[in-house]
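Please open the structure in your viewer and keep the sequence panel beside it.

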Amino acid sequence: MNSSKLVVSPSPHIHSGNLVSKIMLDFLVALIPTAAFGVYIFGLGALRVMLIAVISAVAWEALIQKATKRPLTTSDLSAVVSALILALILPPTIPWWLILVATLIMIVLGREVYGGYGNNPFNPVLVAWVVLQMSFPDFMTSWIVPGASPELAPMEVLKQQGPSFAKESFTYSQLLLGQTAGFTGQVSALMLLIGGAFLLWRKAVNWRIPVCYLAGVFLFSGLFWIFSPSSFADPVFHVLAGGTLIAAFFLATDLPSSPVTPEGMVYFGLGAGVLTAIIRMWGAWPFGAFYAVFIMNLATPFLDKTAPEVYGR
Amino acid sequence: MRSSTFSGGLIIHAPSKIDTVQIDPLPEPKQVTIPIKQHQGTACTLLIKKGDAVVQGEIIAESASTSIHATLSGTVLDVKAGFEHISGETVTAVTIGPAELAEEKSKKGKKAKKGEKQEEETAKEQPPREPNLVRMDELRTIGKILKAGLIDSSSRFAHPLLDKIRKAQKQGIRALIINGLDEFNLQGYQASLLADAPDEVLTGVHALQHILNPDEVVITVYENIFQAVTSLPQDEDTFRIVPLKARHPQHVDELLVKVVIGQEYPPEMSPEDLGVCIISLEAAYILGWVLKNNQPFLDTFISVSGPVLDKPRNIRARIGTSFREILEYLGIAPEAVSKVVHGGPMTGKPIYDLERPVTKETGQIYLQGPGETIDYPSKVCVKCGFCVQVCPMRLMPFMLSGFSEAGSFELAAKYDIFSCIECGCCAFVCPSQIPMVQWIQFGKSALMSERSESDEFIQACRLA
């Protein structure tokens, strides 16, 4: 019997071909419109942030995995995606050394201490963002102002000068096409919607999280706006401004830190949406969207208790 | 509530209307190797010894539930332990070949040795001759089923048909489901049998109906193939053909019961407990054939698919034919395959030796060439939840797999690891390519060996 050697392995013997690296590639493609438009609006400063963030994040990841003698996972592109999203929610003027600090926090505190991407309880991007927001508030709000827009980001205007002033200062088309101060990833709602639609079409993210998140923001803010339009911003403003869309499509959908059950995803999205509106309306911070997702990450293990009832049980 | 399909699973992509694939008979092999266990449960007792002359159709091993026949006339060249049954049990296998291959053979075997091409013709030209041959005329159908050694290979495991019938008779059933769905294969041989040989299938169905006396009889086929099989004489009073969505794993008992009857049952129960008996269309066909021809059926139908082939094939081979001969017949060089799966692509078990024979349990062969095999490198779980969404049993596969990997078997049991039917959907969609089915199998076996003392638990594991 001189048969050629046969491969023996457990079933299944086929695979969908959908790998983590492919999902991450979809995220990267989905981020291209926003990133490119951000560079167009804010100039090479924005590109500089992205490049430093991506390169340093991958370098930190490789360095730490080498130092802790673990297999290198840079090829799954998750660090690239996280770094790019982080770059998009940092101001384009942020100093280079702060970007290095941010990516170090993101990689080390955000994921590697938990055992790498996949085991992180929080969205690593938001861990870094929260630390920077707390520690370097001045750097985090020094914007580049495009055109004749106010010098503050829309949500800051809303917080400091009230809904009627915010309404006057920003038209919907300004919000859609990026004629506002702010971080790169909030300037153009249109580009984010294009990217988000691409993610949904590719099924790279489950539709429940972004759809329920946006529904949560829209319905909750709309409820108050209907009764008191003068003291609350309208729901469309809440959806288009303040990073709602990047949070909905790119931050809340972070796979490890969001629920795995369909029902849990619905609650997660709705909860983050409602929290976003609450923080914006009554909280001290203008960027409620990111805090809301960060807080909902805490609830993920609990939301995963919504496992469907097992067949026949 | 009945629904046309179930939650989760994988859509089997195919045109909405496809034709059946004809069944090509293989030429009679020169030599066959016949294991004495070709089903789940107790192995048969061997009735012959090395050097004996046997006649085609003669019973060479039997048990209380089934029989195993010599599928060739000739001499018993070898009786050897070491055949690895799919269940993992190692059993004896009998090699039968032409008398002249053995040195000291009696002449008895010689006259049976002729060069017929078609198995069916062969079988007809050689009526039973020996006293322990099946005497169909004298036996009732039940006896025929026993003597013909019928196996029901619906769902995941092949059981002696008689065991299923006894159980169903004891419980009393209201619905008989004739399962014509092949795993992950819309053009499998069962659809072809229904399209090409409806007489035999219906004879078998009527016989089962007579024995089991169900209120309704349902024949399930994939909806894509439905129009190809509806030409058979529809008799609304006796049975109806139900087209089902092409979704893996619709073919398993649990989901047939869910979709056809609209009920679910826990792993410690069986369809019979709900008054449902599921029998494969293949078994119905073979029963019909046996009743019509009064002979045991010595062939096995096999659907062959995989990237190595241009198009899926259906073949009919003598039980005991080696995989090598089947590849030869299909025109595939042994070097062109690197994985040969006994079973379908989602749940089958790869074989490591092309000399291994096909048995009654061989329903599918899936072939992959070099470079087409898939590794499951098992990266870190990213909690994407894809596995949760596709699990037809509504389990949390990544947790079951993770608990088993970590050795937390009790937790895995708490999360209903024994409800897992190992359909493979979770691992198929896993973007981290974690071999989840393997971990779950490991967890199940660890739990079973840990608690094998407890009778109650054994009962719970019966289906797992």
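How many salt bridges are counted between chain B and chain A? The count is 2 salt bridges, a salt bridge being a side-chain nitrogen of Lys or Arg within 4 Å of a carboxyl oxygen of Asp or Glu. Before going on, note that this is a predicted model, in which local features need pLDDT of at least 70 and side-chain atom pairs count only at pLDDT 80 or more, while totals for chains, interfaces and linings use all residues. Residues are numbered from 1 along each chain as its sequence is written, chains are lettered from A and ligands numbered from 1 in the order in which they are written, and side-chain values use heavy atoms, with hydrogens and water left out.

**Between the chains**

Select B:Asp416 together with A:Arg313, which form a salt bridge whose closest N and O atoms are 2.8 Å apart. Widening the selection to the whole contact (heavy atoms within 4.5 Å) brings in 62 residues from chain B and 40 residues from chain A. The two chains bury about 4,200 Å² between them, 60% of it on carbon and sulfur atoms, where buried area is the accessible area (1.4 Å probe) that two parts lose on being put together, summed over both. Within chain B, pick out B:Val382, B:Lys383 and B:Arg394, which lose the most area to chain A and together make up 14% of what that side buries.

**Inside chain A**

Helix H12 is largely enclosed by the rest of the structure, because 8 of its 8 residues are buried, meaning under 20% relative accessible area, whereas exposed means over 50% and partly exposed lies in between (1.4 Å probe, protein chains only). Among these buried residues are A:Phe249 and A:Phe250.

Move to A:Gln133 in helix H5 (residues 124-135) of chain A; A:Gln133 counts as buried, at 4% relative accessibility. Leaving aside residues up to four places away in sequence, A:Gln133 touches A:Met140, A:Trp285, A:Phe287 and A:Tyr291.

For a contrast, select A:Ile55 in helix H2 (residues 44-67) of chain A, which is exposed, with a relative accessible area of 57%.

**A helix of chain B**

Finally, select residues 198-212 of chain B, helix H6, where 11 of the 15 residues are buried, including B:Pro198, B:Val201 and B:Leu212. Just after helix H6, B:Asn213 takes a positive phi of about 55°.

Technical notes. Helices (H or I, at least four residues) and strands (E, at least two) are DSSP runs, numbered from the N terminus.
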